[in-house]
Amino acid sequence: MMYMIFGFILLEALVGPIVSGKGEAFLLNEMKSFGSQDGRQRIVDPMVLTTCSQESLSIVISITNKCISPEPTNRPSFEDVLWNLQYAAQVQSTADLDQKSEGASQC
């Protein structure tokens, strides 16, 4: 049960409070659309889409899907969740640094 709660917290961080206010059943159904770029653009908060690298976002979506899985055997351990979130943060930091260096070289 705790994993699902953690998964829904991650999900709300991705989609924002407006979409998450539509209810659990809606969110679980919409999670199927996370697999495609069009689906992500439809459900993920626009601020998240514009500020996150695609690789980092994919990692967070993957761990969120695993946390919310109806199959308890598919759910990750807390250590796995933390490791994946730390990895996503590292990937995002690298992407941010790359973007800054590209911007500085264009000036």
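This dialogue walks through how to read a few features of one predicted model.

Biologist: What are the ground rules for the numbering and the model?

Modeller: Residues count from 1 along each chain as its sequence is written, and side-chain values use heavy atoms, without hydrogens or water. The model is predicted: local features need pLDDT of at least 70, side-chain atom pairs count only at pLDDT 80 or more, and totals for chains, interfaces and linings use all residues.

Biologist: How many disulfides does a search of the whole structure find?

Modeller: A disulfide is a covalent bond between the sulfur atoms of two cysteines. The test is a pair of cysteine sulfur atoms within 2.5 Å. The search finds zero.

Biologist: Is cysteine 67 buried or exposed?

Modeller: Buried means under 20% relative accessible area, exposed over 50%, partly exposed in between (1.4 Å probe, protein chains only). Cysteine 67 is at 0%, so it is buried. Cysteine 52, at 27%, is partly exposed.

Biologist: How many aromatic pairs are there?

Modeller: A pair of aromatic rings is described by the distance of the centres and the angle of the planes. Rings of Phe, Tyr and Trp (its six-membered ring) pair if their centres lie within 6.5 Å; planes under 30 degrees apart count as stacked, over 60 as edge-to-face and the rest as tilted. The count here is one. Tryptophan 83 and tyrosine 87 have ring centres 5.4 Å apart and planes at 15 degrees, so they are stacked.

Biologist: Where do tryptophan 83 and tyrosine 87 lie?

Modeller: An α-helix has 3.6 residues a turn, so residues three or four places apart point the same way. Helices (H or I, at least four residues) and strands (E, at least two) are DSSP runs, numbered from the N terminus. Both residues sit in helix H6 (residues 78–106), four residues apart, about one turn. Tryptophan 83 is exposed at 51%, while tyrosine 87 is partly exposed at 32%.

Biologist: Which residues of the largest nonpolar core touch the most other members?

Modeller: In soluble globular proteins, nonpolar side chains tend to be buried together. A nonpolar core is a set of buried Ala, Val, Leu, Ile, Met, Phe, Trp, Tyr and Cys residues joined through side-chain atoms within 4.5 Å. The largest has 17 residues; Leu11, Leu14, Val15, Phe34, Val44 and Leu57 touch the most other members. Helix H5 (54–68) gives the largest share, five residues.

Biologist: What span should H5 have?

Modeller: The expected span is 1.5 Å times one less than the number of residues. With 15 residues, H5 should span 21 Å; its end C-alpha atoms are 21 Å apart, which agrees.
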